[in-house]
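Welcome, and thanks for taking a look at this one.

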Amino acid sequence: MIGATARRLFARNWTRLALTFASLVVASAAFAAILGIVGSVTDFFLTESKTLIGGDASIRSNAPISHSAALDDLKMHGATFAERMEALATIQTVPENGEPSSARTALASAKIVSGAYPLYGSLGFEGNAIGIPNAEEIDLAPALAARLDISPGSRVRVGNAEFSVRDILVSEPDVFGGDFRLAPPALLSEDGWERAGIDKRASRASYALLVRYSDTWTEEEVRAASVAIEADADARNLRTTFATEGPRRLLRGLETAERFFFAIIVLSLVLAIVNIRINLLYLLASLSRTVAIFRALGMTRRSVMLIFALMLLFVGTAAGIAGTLLGNAAAGGMLGLGETYIERPLNAPSPIAHLILVSATTILFCLVSALGFFAKLFAIAPKHLLGGYASTRESIRESLRETPYVAVALFFLFGVVWLLTESAMIAAVSVSSVVGAFIVVVLAAGATVGALSKHRFRFGIIFRSIVNVMHFRRDVAASAIASLAIALGALFSIALIEANVLGNLAGEFREDAPNIYVLDLGTEDLPRVRAFAGESWNDFPIVRARFIERDGVSIQEQLEREDPELSREFNLTDRSEFIAGERIIAGRWHGADGKREVSVERDFAERAKLALGSRIVFFSQGARLEATVTSIREVESTSGLPFFFLVFSPDVFGDLPRTNFGYARMSEPEIAEFERTLARELPGATAIPTTDIVRTVTAVFTLVAEGIVAAAIPALLLGILLVASMLALAARERANDILVFTALGASRQFLGKIFRYETVITILAAGAIGIMIALGAVLALNAWFFDFRGFYMAPEIFAGMLVILAIGIASSSFVVRSLARTPPRELFRKQ
Amino acid sequence: MITLTDVQKSYRQGETLVEVLRGVTTTIDSGERVAIVGASGSGKSTLLAIIAGMETADAGEVLIGGRDLRSASEADLARFRNTEIAVVFQSFELVPSFSALENVMLPLDIRSEESETRARAALERVGLTHRLTHLPGELSGGEAQRVAIARAIAQGTPIIVADEPTGNLDAKTGADVIDLLFSTIAEDKKTLILVTHDERLARRSDRILELADGKLRAAL
C-alpha cells in the first residue's frame, strides 16, 4: 500500500520535486567530476611513475652528485644509472651572413643528460632523431625554435661552442621529474655541455641521478635498494623520490588541489541544502492537506513518513546516477584538456566509476537535507483539516524549531568535507565561513525587509506589493537572497582573485623596474659588462649561504623541522647604498661604515624570529658569516625591483668566493643587442629578460585561476537554478494574487512590472551583497595572503550580474505571461 | 444600465461541447438589485463573469453603460473592471500578503488614485477600523468578507456583483454581511447583481432571475 501510494503521489507531483532533483544532480556531478579527475590523474601518476620520475629512484640536489659506495654496490648488482642536469643558458643563432648584430638570442633551460638516459620511456621529436644528441648537436623545444626562428640544420651558439640543431624536441619522458622551469628546454649531451664551457659556479643548476633497478631483482631486493639509496641520500643531504610512492611532489600537489576543490564544493552543497529545503517547503504546502486527509483516514505517521522517504529515495537515486554520469562526462572533458597540457593520455573515468559511492552519498545528502521537512510532516495531524492548515506561511518559531535539523545537515556536511579533505580544519573553516556568511546575510536581509515593511506606505503600489510579499515570506525571501548573495559572492571573489593575481603580477611592475637580469657574473667580468650594459646597469655580489645560528643557538635542525623554506641556501649580498623600493622601518641603515651588521627584510625577520640586536650566523663554503641585525627593511617584492632578504655591511664577506648579479632597464632592441654581446663575450653568464618570467608565471596563474573558475561552476548553476526556480515558484504560488489583481483591473503590463521589479530588486540586492563579500574577501587576501598593494576590479563581475539579471527577468516574465493568460473567471470557477 | 442580448457561451470539456449559456437576454436598470438563482452548474458564475468583464461571450451583445464588452480590448476590459464594476467573491479573494487596509486600497492604487483615506473610510463603514493592519490570514471569515465589501465600496464603481457572498460563512455572520451589503448598496444607489442559492436572500432583491437550461427567466 505504501509503495503504491508513494508511486501515485510521485507520478502526480514529480514536477514539484524538480528543484531538489536538479540541485542534487549538480552537487553530485561536481562531486563525481572531482573524484573522476583526481582518480584519473592519480592513476596516471602511479602507473607512469617510473617514466615521470625518470627511474625507479631519483636522487636530486642543487650540486653535482657523486657516486657513493652504496650506489656503486647497486651498480654491481645490476642497477643502471643516468644523470640529468638542468641550468639556464642563453642560446644565440649563428647568422649565415656572419654579421653578429643580426643574431637572435633566447633563454633556455639547458638539459644535459648522460649515462643510460632515458631509463624509462623515450624522447619525442618532430623528425626522426633517436636518443640523445652527440657533442656537436643540440635539440630545441618548439618554443625555442620559434623564438629563434630556426629549424633543424641551423647552427646556434651556446657558451663558447657552436652546435647544429638536430631536431625539435616535442616530449620528454621525465618532464615532471625536475624543478619548475622558467624557460623551454634545449637538450645537450654531457660532452656538448663541456664544449660549451659554461661554468656554473653557483648552485643554480639542478642535478639528478636517476636509478633503474634490475628487472631480475626480487621485491625484497627492490625494497632493500630503496632503503640503501634513502640512507645514502640522507647522509649526504640529498633529496630522493621513489617510483613506488609515485611522484610525491605531484601527488602532494594533487592532494592539495583536491582538498581545495572539495572546500569550494561546500558552497555548492550548502546551496543545494537551501534549494532542497525551499523546494520541500513548497511541496509540504501543496500536499499538507493531502497528508492530513491520509491521517484522518487512519494512515499512521510512520506510513506517511515512509511514503515521502520513498519518494525522496527515488529522487536521490535518480539524481545520483544522473549526476555521476554528468560528472564523469565533465571529468572526461577536463582530462581531455589536461592531455593537451601534459601531452600524455589520461584515462577518463568509466561511466560506472563512483556510481555507488556518489549515488549513496547523494541519497544520504538528500535525506539529511530533508530532516526538517520530515519533522514538519510528522507534525501534520487530522485536526489540521478543520483549522484550514493549508497556509504555507511559516512563523519564526516554526523556523527555529527546524534549526536542530539544519544543524544536523550542516554537521553531516562537515563530516563529508572532513572525510574528503582529511582535514577537520579545512572542513570547519569552509563550512563555518559559508554558513556564517549565510546567517549574517539572512539576518541582514530579514531586518532590511522588516524595516522596509514598516515604512512601506511611503512607496508606490508596485514597490509596496514587492515589500509585502517579501515580508509575508520573510524567511524564504531572506534565504533566497542569502543563497544568491553567497553564490554570487563566491563567483565574484574568484573573478577578483584572478584579476588581482594577474593584475598585480603585471601591473605592479614599476616603470623604472629593470627588465633584464644577469646571473652568474664573475667579479673579473664586471668591468666588461659595465662597459656595454649602459647607464642603467647596477650589480651586486652574491654569496650563497645557509642560516645556521640565531643568538648563539644552532637552528638548522629546528628550521628543517619547523620551516624547511628557511633551511635552504639564501642569496646574501653586501652593499652600503640603498636601492629604489627599499625603506627602513626599524633601526638604522649600516651604510659604508657598518661593522658586522646586517639589514633584514621585514617578512623574513618575522618568519625567522629576528629583531634588532639579534645575532645571526650564515654558513658558506666553510666560512661563518656573523652579523648583528641593525635594521629591518620593507621592500617592494612585487614591483619588479630586485630585493634581498639579507643585506650585510661590506666588511662581512671578506675574501669569500662570490658571483655577481646585475640588472638594467633597456629598450627591446637594446636588450637584444645586450643578450647577443653577453652570449658572445661572457657565455657563462645568464641573461633573463623579465618579460619571459612574467609570461611564464602569468600562464601558470591563469591555469590555476581557470581551475578555480571551473570549480565554481556548480555553485553558479545552483545559484541560477535557485533564482529561476524561486521566481517561478513564487510567481506560481501567487497565481491567485495575479487573478485577484486582474479581477480588480490590473493590466498584464502592470503585473509584469511587479514581477520584473521584484526580480531586479532581489538580484541587485543579492548582487550588491555578493560584491561586498567578494571585495572584503579579496581585499583581505591581498593584504594578508598575497601581500599585493594594488587592487584590480574585474569587469566580468558586472557582465555576470547582467547575465543573472537577464536570466531572472526572462524566467519571471515567462511565468507571469503564462499565468496572466488565465482569465480571472477562475476566481468564480474554483468555488 | 446593463443589457444582455442573446448571449451565448460554451466550453469544450474533452471532446464534448458544453453549452452553458444558450441565448441569455435581459436588462438590468441602474440602481436595481437583481438576484440570479439556479441549480449548480447552470451557468450562474459564467454569466456573472461575462457581466464583470472577466469572460467573453461567444455570441450576443453585452452592453454595460452603453459599452459593448465583446468588442473591448484587453486594456479596455482591465479599465472596465477597475472603474465600472466591483466583485465580491465567495472566497473573499484578498491578497494574503497585504493588510486589510492595503487590500481595500488596491483597486485605487492600480488606477493611481489617492487610496488610503478612502480605504480607511470604507473600512470604517464596515466596522473594521480595529483590523486595518491585520493580514487576511489573521481575520475571521466574516471579517474577511467585510474587507471584501469595503474594497468594493472603496472601488467606487456603479455596479457591484456578488457571487455567493455568504457561501463560506455561518448563518449569523452571513446575515450580518448581507445586511451590510444591502445597506451600502442602498446608501450609494449602486446596481447589485447577486448570485445565490439562498432563497431568503434572493427575496431581498428587487427582481429574481432564474438560470435554467442556459436561459434566463424571471423566477416566480
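Which residue in S9(B) does Val34(B) stand opposite? The residue is Arg207(B). What you see is a predicted model, in which local features need pLDDT of at least 70 and side-chain atom pairs count only at pLDDT 80 or more, while totals for chains, interfaces and linings use all residues. Residues are numbered from 1 along each chain as its sequence is written, and chains are lettered from A, with ligands numbered from 1, in the order in which they are written.

**The sheet in chain B**
- Six strands form an open sheet in chain B, in the order S6-S7-S8-S3-S9-S10 and with mixed pairing; strands here are DSSP E runs of at least two residues, helices are H or I runs of at least four, and both are numbered from the N terminus.
- Two strands pair if DSSP finds at least two bridges between them, and S3 (residues 33–37) runs parallel to S9 (residues 207–212) in chain B, joined by four bridges.
- Strand S6 (85–88) and strand S10 (215–218) of chain B are at the edges with a single partner strand each, so one side of each has no neighbour in the sheet.
- From one strand to the next, the twist averages 20°.
- Helix H1 (residues 44–51) of chain B lies across S3, S7, S8 and S9 of chain B, at about 155° to S8(B); angles run from 0 to 180 degrees between N-to-C directions, and axes are lines fitted to C-alpha atoms, for helices over the stretch in contact.

**Two helices that meet in chain B**
- The axes of helix H3 (residues 100–110) and helix H5 (residues 141–155) of chain B come within 8 Å and cross at roughly 30°.
- H3(B) and H5(B) are therefore roughly parallel, a term for angles under 35 degrees.

**Where chains A and B touch**
- The contact takes 21 residues from chain A and 29 residues from chain B; two residues are in contact if their C-beta atoms, placed from the backbone, lie within 7 Å.
- On the side of chain A that touches chain B, H14(A) gives the most, with four residues.

**A loop residue in chain A**
- Arg789(A) sits in the loop between helix H22 (748–786) and helix H23 (796–820) of chain A.
- With 14 other C-beta atoms within 10 Å, Arg789(A) is partly exposed, which lies between buried (20 or more) and exposed (12 or fewer), with C-beta atoms placed from the backbone.
- The C-alpha atoms of Arg789(A) and Asn504(A) are separated by 7.6 Å, although these residues are 285 residues apart along the chain.

Notes. Parallel < 35°, antiparallel > 145°, perpendicular 65-115°, else oblique.
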